[in-house]
Amino acid sequence: METNFASNTAASTSFKKAMDTWVCATNINWGIGSTATVSEAASTNVNMVKFGGASEIIVGTLAYTSMGFRRCPNGEWELGDVDITFNNQDYNWNYTSSAPSSNQYDFETVALHQLGHAHGLVHVNNVGDPMYYNTKIGTTNRSLNAAVIEGGNYMLINSAAMGALSCNGAIIPFPAGSCGLSSPTITSFTPTAGATGTVVTITGTNFSSVTDVRFGNVIATSFNVVSPTEITAIIANGATGDVSITTPGGVATKSGFTYITKSSQTLTFNPFPNKTYGDIDFDPNVTASSGLPITYTSSNPLVATIVNNKVHIISAGTTIITATQTGNATYSPAIVNLNLLVNKANQSISLSTIPTKLVTD
Ligand SMILES: [Zn+2]
């Protein structure tokens, strides 16, 4: 680290965390060396992290990574050094582990991206990917995904394969299990039993770079890292067993999750007879085998609406009455559609008998 950069403890701590995220994920052998002056950035074979001076920053650039290559005596080229420069002149950075405000760029997010370049990765056009080319103000993306980890691993494998041809040999991977990120822990989760689609809240520690959440070793449908100590996750077609969380720092598991297989339920109904405009409200009479209540909706409220769980005819025409049983903790939902035809009422004109008239009237 360059002297000025290293003296900004918040920035250097945030950078170290992004670096550890990569080291823990791909075992790339990065570490923080001694503090140096900026002139060494121009020299070869010294990796430098620094803030940009006026001559180095292109306006509109948050940060950039430059890589120097050197030619080995045998004619092969290899990576000589990497310099990362952060623009501290034009931007308001969030160096903390909290979320940035709407007018701040998140330093760890940008550091993770730049270190991806240092790892040999290029941009992708995939919003949400750490290597997406456009970092949005006021947002964070401090986690790696499977694609960039695979890319980083490929670089290390390639380095090993090319080792004999390079000047200095292959990269020696960072010792597995000893990277700088702490392992996550799970303290509790609730509910402890759930069916597909149930949202489970998991509490614990070191959740900030979660890559995987499982229930009974089945990957969750989705998860949301609420804070470094809380995750919400949606159960997929799961299994009973452990809840597990994976981060670049390790894997946490906690036993005691029970997967609930919901029972199906059937709806019993009769097709509607044709109705006539003017008919009174009627009960659709759909019942569920579970005994749970049914709710109704009408696709065409100009023809019929639902009033007090009965069909209320508005005019002649057609509509679909949908009967829904939403399910509960033990039953899956069930639904049925019933067609309703409402005919026009027959018009009748009643004429009263004209009394006999006398010519003398
Ligand atoms: Zn970039």
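**Notes on the predicted model**

1. Asn 309 is exposed, because 12 other C-beta atoms lie within 10 Å of its own, and a residue counts as exposed at 12 or fewer. This residue is found in the loop between strand S19 (304-307) and strand S20 (310-313).

2. Asn 217 lies in the loop between strand S9 (212-215) and S10, and it is exposed, with 12 other C-beta atoms within 10 Å. As background, most residues other than glycine have a negative phi, and most peptide bonds are trans.

3. Thr 190 and Pro 191 are joined by a cis peptide bond, with omega at about -5°. Pro 191 is placed in the loop between strand S6 (185-190) and S7.

4. On the overall form, the secondary structure of the protein consists of five helices and 22 strands. The radius of gyration is 34 Å, well over the 21 Å given by the globule rule for 361 residues, so the protein is more spread out than a compact globule. Along the principal axes, the C-alpha atoms fill a box of roughly 135 × 55 × 40 Å. Of the 361 residues, 27% are buried. Among contacts with a separation of 6 or more, 59% are between residues 24 or more positions apart.

5. The protein is divided into domain 1 (3-165), domain 2 (185-259) and domain 3 (267-343). The centres of domain 1 and domain 2, taken over C-alpha atoms, are separated by 30 Å. Where these two domains meet, six residues of domain 1 are in contact with six residues of domain 2. The side belonging to domain 1 has three nonpolar, two polar and one charged residues.

6. Which elements give two or more residues to the largest nonpolar core? This core has 33 residues, and those with the most contacts inside it are Met 19, Trp 22, Val 23, Ile 28, Ala 111 and Leu 115. The contributing elements are helix H2 (9-26), strand S1 (48-51), strand S3 (77-86), H4 and helix H5 (146-162). H2 provides the largest share, eight residues. Setting aside neighbours within four places in sequence, Met 19 is in contact with Trp 30 and Leu 115. A second, separate core of 17 residues includes Phe 207, Val 210, Ala 220 and Val 243. In general, nonpolar side chains in soluble globular proteins tend to be buried together.

7. Is Phe 107 buried or exposed? It is buried, because 28 other C-beta atoms lie within 10 Å, and 20 or more are required. Phe 107 lies in helix H4 (residues 107-118). Not counting residues up to four places away in sequence, Phe 107 touches Ala 11, Ser 14, Trp 93, Asn 94 and Tyr 95.

8. Strand S2 (residues 63-71) and S3 run antiparallel and are joined by nine bridges. Within this pairing, Ser 66 stands opposite Asp 83 in S3. The two strands form a hairpin with five residues between them, and Gly 75 in the turn has a positive phi of about 95°.

9. Another arrangement of strands is an open sheet of five, in the order S7-S14-S13-S9-S10, with mixed pairing. Which strands are at its edges? They are strand S7 (193-194) and strand S10 (218-219), each of which pairs on one side only. Elsewhere in the sheet, strand S13 (residues 241-247) and strand S14 (residues 250-259) run antiparallel and are joined by six bridges. Ile 245 has Ala 252 in S14 as its bridge partner.

Definitions and conventions. Residues are numbered from 1 along each chain as its sequence is written. This is a predicted model: local features need pLDDT of at least 70, side-chain atom pairs count only at pLDDT 80 or more; totals for chains, interfaces and linings use all residues. Helices (H or I, at least four residues) and strands (E, at least two) are DSSP runs, numbered from the N terminus. Two residues are in contact if their C-beta atoms, placed from the backbone, lie within 7 Å. A nonpolar core is a set of buried Ala, Val, Leu, Ile, Met, Phe, Trp, Tyr and Cys residues joined through C-beta atoms within 7 Å. The radius of gyration is taken over C-alpha atoms; the globule rule is 2.2 Å times the number of residues to the power 0.38. Two strands pair if DSSP finds at least two bridges between them. Domain bounds come from an automatic or database domain assignment. Ala, Val, Leu, Ile, Met, Phe, Trp, Tyr, Cys and Pro count as nonpolar, Asp, Glu, Lys and Arg as charged, and the others, Gly among them, as polar.
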